[in-house]
Amino acid sequence: MDEFTEQFHRDLGQLFRWRRDVRRFRTDPVPADLLQKCLDSFSLAPSVGLSEPWRIISVESDKARAAALSNFETENTKALSGHSGARAELYAGLKLSGMREAPVQLAIFCDEETSKGANLGAATMPETRRYSVVAAITQMWLLARAYGLGLGWVSILDAPKLARDLDVPESWTLVAYLCLGWPEETAETPELEQAGWERRDQAPLVEIR
């Protein structure tokens with residue numbers, strides 16, 4: 001028996017469409033209770049062997065944020081050098097991080113050596129721990145959007161250096177640096193598509209073997 005209504009199905013589809021990678025944030029703070037609701041969603045996420053390998057660092061100090069921002073800017077300059085001509089000009093005009101404005105910034109790691117879950121599933125495919133962290137992030141992303149928040153995933157980073165700057169255990173691998181806050185505006189179309197960088201395929205290609 002279907003426990004959800006047709007209206008719920010429509011609303012969920014709309015949530016998927018309006019979940020965007022946000023880079024333009026207002027600086028208004030996120031209420032502590034709302035942030036906690038978003039973080040609590042991790043406990044509902046699937047994980048290989050029920051290992052729950054996610055480790056969350058709230059990046060709040062000026063020193064830590066400055067290190068993360070400097071890391072991004074250095075790597076972004078390197079990335080720009082990999083393009084030329086019109087593509088380089090387009091890249092240079094993209095806003096690829098909300099790190100200067102976002103009131104909440106989270107570094108999400110995977111504990112590659114967690115004993116929780118007794119290695120079930122991860123013995124043969126250890127990368128599934130990181131996939132579990134990604135699944136949890138996606139779940140939080142959707143919940144945050146349902147509350148009107150925006151989330152941006154910053155991946156133009158030297159991950160090992162950021163891990164050292166944040167002084168985390170060596171067994172932790174950076175999966176994501178997230179900016180969270182109130183978006184300046186919302187849009188159904190991805191910003192990169194609006195800028196002409198790339199377009200979204202209408203449907204995934206399914207191969208039958």
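Buried means under 20% relative accessible area, exposed over 50%, and partly exposed in between, with a 1.4 Å probe and protein chains only. The model is predicted, so local features need pLDDT of at least 70 and side-chain atom pairs count only at pLDDT 80 or more, while totals for chains, interfaces and linings use all residues. Residues are numbered from 1 along each chain as its sequence is written, and side-chain values use heavy atoms, with hydrogens and water left out.

Q: Why is Gly98 called buried?
A: Its relative accessibility is 2%, and the limit for buried is under 20%. Gly98 therefore counts as buried.

Q: Why does Arg23 count as buried?
A: Arg23 has 9% relative accessibility, which is also under 20%, so Arg23 counts as buried.

Q: What makes the pair Arg23 and Asp21 a polar contact?
A: A polar contact is a pair of N or O atoms within 3.5 Å; within protein, one must be able to donate a hydrogen and the other to accept it, and residues adjacent in sequence count only if both atoms are side-chain atoms. The side chains of Arg23 and Asp21 are joined at 2.6 Å. A polar atom of the Arg23 side chain also lies 3.1 Å from the backbone oxygen of Lys95.

Q: Which residues does Gly98 touch, not counting those up to four places away in sequence?
A: With contact meaning heavy atoms within 4.5 Å, Gly98 touches Arg23, Phe25 and Cys179.
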